[in-house]
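Notebook open, model loaded. I wanted to look up the pocket first, then the strands, then the rings.

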Amino acid sequence: TVRCTLQKNELRPWKKQRYCIPERDAARFVAQMEEVLDIYTSQHTEDEPLICMDEAAYELKADVFEPIPMTPASDRKEDYHYERHGVRALFIFFDPLRGWRRVSSREHRTRVDWALEVRQLLDVDYPHARKVKLVCDNLNTHHIASLYEAFPATVAHRLARRLEIHYTPRNGSWLNVAEIELSVLSQQCLDRRISSATELEKELSAWQNQRNRTNSQVQWRFTTEDARIKLKHLYPIALF
């Protein structure tokens, strides 16, 4: 018979913590992390801007019952029941130094959708840039091959030569500055029910224009040197 020596409340099976656990290949995680951190502290120009991109899913919802509007003595009342009207894929491209961002929604998040967004980034948003340094998550859609799937080889090759991709490590999406901007978007624009794709596009455009007018930037201060101290436990033990 095994006797349990734990005191009451020492084990709490009803509780759990959620956080990103780094991948088992510590060397790969550290290598990609330091690459992204070095990019943030490098010099960037109008000819070679730094752009961070991220994706998210947003569920369209419609009220079943008409909400009761707020009054001076009472808050707005909204029934918890709602109808689902599908899911939209959000793409956000963010220049943290310039304080510019573009956010759009699409029906899907396929390789072709990503390629179309990248083409707009290169040909419309930054047509005069010689090269764009793009930081993004390491998804199978975020690859040069997606350009060749969406466009003729001549177009894909032209776009690929102007794109320099830097991937965040697996379970290291916190290294992507665009994730910070997505959080702001969620709090300021998407914290309510939006029932249609048309309405969503209108709200996204209004939020984007307001943020761009105020030139809202992100100043990233966590460096490679900081990581080697504060995240020392993630680094593999060198053999030599």
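This is a predicted model: local features need pLDDT of at least 70, side-chain atom pairs count only at pLDDT 80 or more; totals for chains, interfaces and linings use all residues.

**Pocket**

I looked up the largest pocket and got about 180 Å³ of space. A pocket here is an open set of points on a 1 Å grid over the protein atoms alone where a 1.4 Å probe fits, with protein on both sides within 12 Å along at least five of seven lines; lining residues have an atom within 4 Å of a point. The volume is the space filled by probe spheres set on the points, which are joined across faces, edges and corners.

Numbering runs from 1 along each chain as its sequence is written, and side-chain values use heavy atoms, without hydrogens or water.

The pocket lining includes His-44, Asp-95, Arg-98 and Tyr-126.

**Strands**

I checked strand 2 (residues 82–95) against strand 3: they run antiparallel, joined by seven bridges (strands pair if DSSP finds at least two bridges; a strand is a DSSP run of E, at least two residues, and a helix one of H or I, at least four, numbered from the N terminus). Phe-91 sits opposite Ser-104 of strand 3. Six of the seven residues in strand 3 (residues 100–106) are buried, so the rest of the structure largely encloses it (buried: under 20% relative accessible area, 1.4 Å probe, protein chains only).

**Rings**

I found three aromatic pairs (Phe, Tyr or Trp rings, the six-membered one for Trp, with centres within 6.5 Å; planes under 30 degrees apart are stacked, over 60 edge-to-face, the rest tilted). Tyr-40 and Trp-220 have ring centres 5.0 Å apart and planes at 50°, so this pair is tilted. Trp-100 and Tyr-126 pair edge-to-face, at 5.4 Å and 85°. Both Trp-100 and Tyr-126 are buried.

Note on methods
Buried means under 20% relative accessible area, exposed over 50%, partly exposed in between (1.4 Å probe, protein chains only).
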